[in-house]
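Work through the exercises below with the model open. Each task is followed by its solution.

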Amino acid sequence: MTDPIVLESDTDPAPAAPFTPAEERAMRQALDQAQNAWLVGEVPVGAVILRDDADGLPQVIATGYNRPITTTDPTAHAELVALRHAAQLLDNYRLPDCTLVVTLEPCAMCAMALMHARFKRIVFGARDPKTGAAGSVVDLFALPQLNHHTIVAGGCMEAECGAMLREFFAERRAAHKARQAARRAPAEDDAIPVADVTVDDPIPIGVAVEIDPDPPVPPDARGAPA
Ligand SMILES: [Zn+2]
């Protein structure tokens, strides 16, 4: 018989909360931003940038939501929309005093942009097993050749952030199925009247068979057209 496995958490003191109350408040605001993206048909990802004020209290200085489709800009991920606002506001291309809070793990493009801007800290919610560049697919922040400035903490309100994305893609899949079903079974109003169909007048196969032009929606494709 082997000894029971003792988890570290059984013996170690409870670890300090990895996220500050201000970061959790910011994550709620980032979820509101993600909702804005959903409302305009974009994959719901939102971001908020925090910076301490003169009294040392964290303040929201910029927000952003995912909008590559609506702006026809493949780089318009939530993080970069917020980053551009913050850099313009502070009139500085480096943001070393700032923390970015985002609902989804940054991709490689955003990870590098955030490192170029020298963010102090990145907090993200849901992990992205397909394109996440903060540990899921690759961890660019952990490469000392690339990163000397930015600390990353993932999993802040992970359940809420993940649920929003799952609901969005479930709704989109349901709409896609409904469109397919509508094409296969035309409404009664559109049906060909029985009297019009004769043996001499068959419906050509090429008309009856439609190929759905919409490709299946991958679950991680930020910015994929609806
Ligand atoms: Zn990105």
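**Exercise 1.** Which exposed residues does the face of helix 2 turned away from its buried side carry?

*Solution.* Residues are numbered from 1 along each chain as its sequence is written. The model is predicted: local features need pLDDT of at least 70, side-chain atom pairs count only at pLDDT 80 or more, and totals for chains, interfaces and linings use all residues. Helices (H or I, at least four residues) and strands (E, at least two) are DSSP runs, numbered from the N terminus. A residue is buried with 20 or more other C-beta atoms within 10 Å of its own, exposed with 12 or fewer, and partly exposed in between, C-beta atoms being placed from the backbone.

Step 1: the buried residues of helix 2 are Glu23, Ala26, Met27, Ala30, Leu31, Gln33, Ala34 and Ala37. Step 2: viewed down the helix axis, these fall within an arc of 165° (taken from the directions from the axis to the C-beta atoms), so they line one face of helix 2. Step 3: the face turned away from that buried side carries the exposed residues Pro21 and Leu39.

**Exercise 2.** State what the buried residues of helix 3 pack against.

*Solution.* Step 1: helix 3 covers residues 78-90. Its buried residues are Ala78, Glu79, Leu80, Val81, Ala82, Leu83 and Ala86. Step 2: with contact defined as C-beta atoms, placed from the backbone, within 7 Å, they pack against helix 2 (21-39), strand 1 (46-52), strand 2 (58-65), strand 3 (98-104) and helix 4 (108-116).

**Exercise 3.** Find the residue with positive phi after each helix.

*Solution.* Aspartate 91 follows helix 3, with phi near 55°.

Key:
Expected span 1.5 Å × (residues − 1). Contact = placed C-beta atoms within 7 Å.
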